[in-house]
Amino acid sequence: MIALLLAVQAPVALDTFDRVGPWVAQGSDGVKATAAASDGALTLAYDFGKVSGYAFVARPIAIDWAADFTVTLRVRGSGGVNDLQIKFTDASGANVWWYRVPNFRPAAEWRTLRIRARDIEFAWGPAADKVLRHTDRAEIVVVRGRDGGAGRIEVDDLRYAVLPPAPPLPTPRASDARAIDGDAASAWTGRGGQALTIDFGGAKALGGVTLRWLGGAPRYAVEASDDGRVWRTLRTVEQGDGGDDPILLAGLETRWLRVALPKGAPAARLAELTVEPPAWGTTPNAFVAGLAKAAPRGTFPRGFAEQSYWTLVGPDGGPASGLIGEDGAVEVAKGAFSIEPFVIADGNRFGWADVAASQSLEDGYLPLPHVLWRASGWTLDTGVFATPERLLAKWRMTNTGTARRTLRLMLAVRPFQVNPPAQFLSQIGGVSPISRIAWDGAALAVTGPGAIEGDPAVTREVQPLMAPSAVDVRAFDRGALVPSSPSAPQQTRVDDATGLASAYLAYDFDLAPGESADVPVVVPFAPAPPIDRTAFDRARADTVASWRETLGGVAITVPPARQAIADTVRTALAHVLMSRDGAALKPGTRSYDRSWIRDGAMMSDTLLRLGVSAPARAFADWYGGYLFDSGKVPCCVDARGSDPVPENDSHGEYIHLVTQLYRFTGDRAALARDWPRLDAARRYMEGLRQSERTAANIGSVRYGLMPPSISHEGYSAAVQYSLWDDFWALTGYKDAADVARVLGKSEAAAIAGQRDQFAGDVHAAIGASVKRFGIDFIPGATSLGDFDATSTTMALDPAGEQARLDPTLLANTFARQWARVIARTQPGADWKDYTPYELRNVSAFVRLGWRSRANGLLDAYMADRRPAAWNGWAEVVGRDPREVRFIGDMPHAWVASDFIRAALDLFAFERDGAIVLGGGLDAGWLVGAGSAIRGLRTTVGMVDFAMRQEGGAVVATIGGSARPAGGFVLPWPLAGKPGAAAVDGRPAQVAADGLHMVATGKPVTVRWRTRM
């Protein structure tokens, strides 16, 4: 190891790569990586094959970091587009800082990466102090990106230079001080060939400038110089509007800046030049957020200033989809531009901030969302739906007043996604560049850059089915982002280097009282011929009919006060189906546009219970093809292949998935085909648990458990012995033992022994953790003794360990969760946010017999649907609905499946060979005609169940084909103690946990009286 104390000003060579020996190459599962010397440089050769992952070279280098510095590294290579990372870690290896170059396309010629202190971020780790002060190891990493494949990265001349504190700059001087004096009444006047020059007195970092013109200046250039002699053009404006011009100059450092009028330009007056700070121009999103802050509310989408919400618009099975925001803007495809309505009424412009907006779904549950604007004398309804080929929207303008009136609807095609800028994972929200717009008299061709620099541009067509009254396309410099009615002269084509062009389709209506007018618009997901209004209406009718059929396999009827729950079950199923990408089940389409086995396994459980088995089967077949040769089940899969990150819940989840498919479908041949993969996963899991079942670990909180991992997101800073992993692993052992028995495998007895041994180790580790940390609940991780009831729910279902858990610890765990949720509902409660994965606790409460609390919990979570009428949750719910934060996809399909399972468990769930009926239905579900579920699937057949309160009795009917070996159990649903019960008129004995009935496969009626 070499140690460097870097307190000098001159650059210091960290490594000249004359010797490759100190550098060690390594690749993740399935990735090949080798290091070699090449012409005095280091070459990292990699081959990603068919998997995702990374290849890297690393060596020890101890560095004491200054407050400000630069790191330089020469790089060249060959291969596809992947991500390049430079990492620095501390001695533990747990705390990581990194510099990232996404979508790195290596060039054959050397280029120098210049990394400044502000470019290096804390990546992850348990350190409380995340400031970069000292590291002990350096890594150069290639992470599979879009292309993967094989290639090489050559690196040379890694250097570090300490930067001395910059002296304060003098007050800037301008060739005409009136332009920077802060007084808008004074101005610099220039003519063609003249320029306003500013000297900052030294290198100045800035994000851009704002020019406040007093008319004129349709053409000018912004230029910079480091020496006052050689100038470089930063920005050219060809069609300025003579008003305020914000000029983005991201990452600029310069001493001199000037605004130059070209020869022949007319006179122009500049009232003020304001220098904007570096943060103002860090990204296009930061730039637009600054504009939004200064503009009247409603000029820009809500998401640039406060938290916004949205829902998905897509077909069953995807993969293409749009979004609609709570305020009525429509994102036409993933990452694409949006169409946002504005209305001109009585000479005033109305946007989302000027109206009362409400949301709805067709029939209360179909995934055809609407946003209704209400204003004085008029309404505007925005409705949208999708087919596999197209996104289709319709705006309905209605005169709700008592007199005839003229209204103008403007549909603004804007360079913004509905997905807001705070969303940053797979898909960064916010700005969606538009570099060209062209109107040909029938459609708008809207062009944006490719996903990666150098990719071909992407053009989408906006096809209005009603001819607009006027059309105007505008460049950013002509006020594109400030909505206003088209006025002469209008343009029909524009190219905009800023990527912030817009277009406006205007529709003028003269409406009698009560009269409406519709504007339908079609945007194909891929190039497709236009359709007419008849085809539009037919597509809508077909979409409604298809969704009604798809979502109607299980019928739930409930009292009016519980209708939202029944509606949300059907909508949530649609959200799961729309979030798919063919066979891949995904939790989302933007931030979470990849497929996790944990999400897919639990979503498949939901689909199977609702009788939608084909997507679950397709998912299992597809995902099974991505297992590593070792039997390791990847935590997730995306377009790059299998992810190598070890998450030790994955193996049990895959085993459970294919086992459940057999249990629900009875397809033994498919189970036999799945056995080799299933058993490979089991054998890999067995190796993991044996690695912790060592003499050194006996009696500890880790003995015999799955090794620590980050599958539980709360442990991403430092891996832990998560019981989430262990309960899934135990589920996998149980299911593998069942499958081996069903298929008559010789390993059946051995697997059963592994199952029982592992179960004993898990419970022993829980006891050791309780003792070590002095807690009175089941921990989330035995190595932390932390509280996480949502993780503990897996012990009850699917692991089925309720009877073996300490009843006091179990009760304390979920009582604490109840207290936490109820505390959040109190006025003035102090909490930040939570994840609606907590819906799993509703199922746990039902299984514990906590009927009242289960309903109270469900009501609390239902209140956090945003907007409520769209029947969906994000991944994160915040206390302040308008505080900007990352909230994940809306809807989040894994959360949707958690809700469905919770709602279905209220009616029926399987336990120890029996089916418990109505375990979550309290008096509120039994009023009037009561509640019923029909067509619910179980592993032993279909269940029809209805229950109502009739006078002093509870009447239940049980039908369907299900014949559980343990029969049916009907707990008493009302407060107080039950009285006599009769099944089909014959007296029946009642046990402590309810009425037990043998399942005969024939319908039965139960009448159960209250005790007098």
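Mentor: One term before we start: buried means under 20% relative accessible area. Also keep in mind that this is a predicted model.
Trainee: Okay. Which residues of α10 are buried, then?
Mentor: A789, T790, S791, T792, T793, M794, A795 and L796. That's 8 of the 8 residues of the helix, residues 789-796, so α10 is largely enclosed by the rest of the structure.
Trainee: And what covers the buried residues of α10?
Mentor: The cover includes α4 (597-609), α8 (723-742), α11 (807-824) and α12 (840-848).
Trainee: Switching topic: how many residues does the largest nonpolar core have?
Mentor: It has 161 residues. Those with the most contacts inside that core are I556, F899, L917, F945 and L970.
Trainee: What does F945 touch, leaving out residues up to four places away in sequence?
Mentor: Quite a list: F907, L917, G918, L921, S931, A932, I933, A956, T957, I958 and L970. There's also a second, separate core of 51 residues, and V384, W395, W439 and L511 are among its members.
Trainee: Where do W65 and Y160 sit in the chain?
Mentor: W65 is in the loop between β6 (54-64) and β7 (69-78), while Y160 is in strand β13, residues 150-162. They're 95 residues apart, so the pair links distant parts of the chain.
Trainee: Is W65 buried or exposed?
Mentor: Buried, at a relative accessible area of 8%. Y160 is buried as well, at 1%. Ring pairs also link W65, F69, F88 and Y160 into a cluster.
Trainee: What about Y837 and W894?
Mentor: Their ring centres are 4.7 Å apart and their planes are at 55°, so that pair is tilted. Y837 lies in the loop between β42 (833-834) and α12, and W894 in helix α14, residues 893-907, so the pair ties together parts 57 residues apart in sequence. Y837 is buried at 9% relative accessible area, and W894 counts as buried at 6%.
Trainee: Last one: which ring does the charged end of R594 sit over?
Mentor: The ring of W596, 5.5 Å from its centre. The charged end of R816 sits over the ring of F787, 5.3 Å from its centre.

Methods
Residues are numbered from 1 along each chain as its sequence is written. This is a predicted model: local features need pLDDT of at least 70, side-chain atom pairs count only at pLDDT 80 or more; totals for chains, interfaces and linings use all residues. Side-chain values use heavy atoms; hydrogens and water are left out. A nonpolar core is a set of buried Ala, Val, Leu, Ile, Met, Phe, Trp, Tyr and Cys residues joined through side-chain atoms within 4.5 Å. Buried means under 20% relative accessible area, exposed over 50%, partly exposed in between (1.4 Å probe, protein chains only). Contact means heavy atoms within 4.5 Å. Helices (H or I, at least four residues) and strands (E, at least two) are DSSP runs, numbered from the N terminus. Rings of Phe, Tyr and Trp (its six-membered ring) pair if their centres lie within 6.5 Å; planes under 30 degrees apart count as stacked, over 60 as edge-to-face and the rest as tilted. A charge sits over a ring if NZ of Lys or CZ of Arg is within 6 Å of the ring centre and within 35 degrees of the ring normal.
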